[in-house]
Amino acid sequence: MTSSTMKSPTDTCPVCIGDGQIEYEINKPQSFTRDIGYIDTKWDKCYACDGTGEVEIPRYLLTSTE
Ligand SMILES: [Zn+2]
């Protein structure tokens with residue numbers, strides 16, 4: 001019995017370099033309750049790989065065009 005699972009080839013996510021998380025910059029502008037604007041940062045799931053640290057390699061990159 002052979003169950004051939006066609007696993008799509010993956011590569012390390014170029015955005016988070018495999019971490020699965022990236023630091024987002026949140027712009028906190030000046031407001032009534034804040035004297036000065038500043039940039040806050042928070043770590044969240046990588047938008048490119050959805051937190052997996054790997055991205056699927058597009059098929060067109062695998063097929064060699066000669
Ligand atoms: Zn990523």
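Reader: Which residues does G53 touch, not counting residues up to four places away in sequence?
Author: This is a predicted model, in which local features need pLDDT of at least 70 and side-chain atom pairs count only at pLDDT 80 or more, while totals for chains, interfaces and linings use all residues. Residues are numbered from 1 along each chain as its sequence is written. Two residues are in contact if their C-beta atoms, placed from the backbone, lie within 7 Å. With residues up to four places away in sequence left out, G53 touches T12, C13, C16, G18, D19 and G20.

Reader: How many Å separate the C-alpha atoms of G53 and T12?
Author: T12 is one of the residues that G53 touches. Along the chain the two are 41 residues apart, yet their C-alpha atoms are separated by 6.1 Å.

Reader: Is G53 buried or partly exposed?
Author: A residue is buried if 20 or more other C-beta atoms lie within 10 Å of its own, exposed if 12 or fewer, and partly exposed in between, with C-beta atoms placed from the backbone. G53 has 18 C-beta neighbours inside 10 Å, so it counts as partly exposed.

Reader: What is the phi of D50, and is D50 buried or exposed?
Author: D50 lies in the loop between β3 and β4. Most residues other than glycine have a negative phi. D50 has a positive phi near 60°. Because it has 12 C-beta neighbours inside 10 Å, D50 counts as exposed.

Reader: What is the phi of I17?
Author: I17 is placed in the loop between β1 (10-12) and β2 (21-28). It has 11 other C-beta atoms within 10 Å and is therefore exposed. Although I17 is not a glycine, its phi is positive, at about 55°.

Reader: Which residues does E56 touch, not counting residues up to four places away in sequence?
Author: E56 is part of strand β4, and its 12 C-beta neighbours inside 10 Å make it exposed. Its C-alpha atom is 8.7 Å from that of T12, 44 residues apart along the chain. Leaving out residues up to four places away in sequence, E56 touches S8 and T10.

Reader: What percentage of the residues of the protein count as buried?
Author: The protein has one helix and four strands, in the order β-β-β-β-α from the N terminus on. Of its 66 residues, the share that counts as buried is 6%.

Reader: In which element of the protein is confidence highest?
Author: pLDDT is the predictor's confidence in each residue, from 0 to 100. The protein has a mean pLDDT of 88, and 89% of its residues reach 70 or more. Confidence is lowest in helix α1 (residues 59-62), at a mean of 79, while the highest mean, 95, belongs to β3.

Key. Helices (H or I, at least four residues) and strands (E, at least two) are DSSP runs, numbered from the N terminus.
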